[in-house]
Amino acid sequence: MAQGGNKHSGRKAIIDMRADKNEIIKDIVLERRSMAEIARRLGVDYTTVQRYRDEKITEEMRRSILAETRVASIEADTEVINQDRMDVAMTYESLAKRVARLITKAEQSEDDHFALAAMEGLRRTLRDIAQLQGKLATNLTVNVSLAESKEWVTLRRILNEVCDEVPEAREPLLRRMRHHVLSVTKEDSVL
């Protein structure tokens, strides 16, 4: 006879019933909080959280969370770098406008020597801007490796299941992967 909290009782896990389920799972996977701390917060025993981790959090979920966290961190760093680049570009643009005003002022007062010097300064500033714009034209991008991809984890699981079901398929599959020079064809880690 199954009791309330037993494995096959049909009762949902306490974490699954919470609105903040995804954050709790992330806390477990990323170890942002200890399992004891999570258990205290939920008002359950430590073993409940441990059991949930072992039975409910799949490898695919774990990899997805790790990849998502890694990408978010890289994107945040990229945003800071891109913003710094834009600050430099805006500083040069402001400088160019100031030099242009000096040229106009020098021309109005008919100070040809000063106007010529200011024009040389503007030329240098514009050259620097052009060089910066060329270097800044491409923003940084984020790449995620295939091994961390949710789709690859699922595909690898499917390939393993098929190879377990049809063992003679393993060697032709690996041979074709090597033939097409796939970087994920190390037999130990792929299948």
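The side chains of Lys26 and Glu68 form a salt bridge, with N and O 3.0 Å apart; the term denotes a side-chain nitrogen of Lys or Arg within 4 Å of a carboxyl oxygen of Asp or Glu. Because Lys26 belongs to helix α1 (residues 21-30) and Glu68 to helix α4 (residues 59-108), the pair ties together parts that are 42 residues apart in sequence. Helices here are DSSP runs (H or I, at least four residues), numbered from the N terminus. Glu68 is partly exposed, at a relative accessible area of 42%; buried means under 20%, exposed over 50% and partly exposed in between (1.4 Å probe, protein chains only).

## Basis of the model

This is a predicted model, in which local features need pLDDT of at least 70 and side-chain atom pairs count only at pLDDT 80 or more, while totals for chains, interfaces and linings use all residues. Residues are numbered from 1 along each chain as its sequence is written, and side-chain values use heavy atoms, with hydrogens and water left out.

## Further salt bridges

The structure holds 17 salt bridges. In one of them, Arg157 pairs with Glu60, their closest N and O atoms being 2.7 Å apart. This pair links distant parts of the chain, since Arg157 lies in helix α6 (residues 150-165) and Glu60 in helix α4, 97 residues apart. Both partners are partly exposed: Arg157 has a relative accessible area of 36%, and Glu60 one of 23%. Salt bridges that share partners also join Arg18, Asp20, Glu23, Lys26, Asp27, Arg32, Arg33, Glu37, Arg41 and Glu68 into one network.

Arg53 and Asp54 form another salt bridge, with 2.8 Å between the closest N and O atoms. Asp54 is exposed at 52% relative accessibility, whereas Arg53 is partly exposed at 31%.

## Packing of helices α2 and α3

Helix α2 (residues 35-42) packs against helix α3 (residues 46-56) at an angle of about 115 degrees, with the axes 8 Å apart. The two are therefore roughly perpendicular, a class that covers 65 to 115 degrees. Axes are lines fitted to C-alpha atoms over the stretch in contact, and angles run from 0 to 180 degrees between N-to-C directions.

In the contact (heavy atoms within 4.5 Å), Met35, Ala36, Ile38, Ala39 and Leu42 of α2 meet Tyr46, Val49, Gln50 and Arg53 of α3. These residues divide into seven nonpolar, one polar and one charged.

Terms used: Parallel < 35°, antiparallel > 145°, perpendicular 65-115°, else oblique. Nonpolar A, V, L, I, M, F, W, Y, C, P; charged D, E, K, R; others polar.
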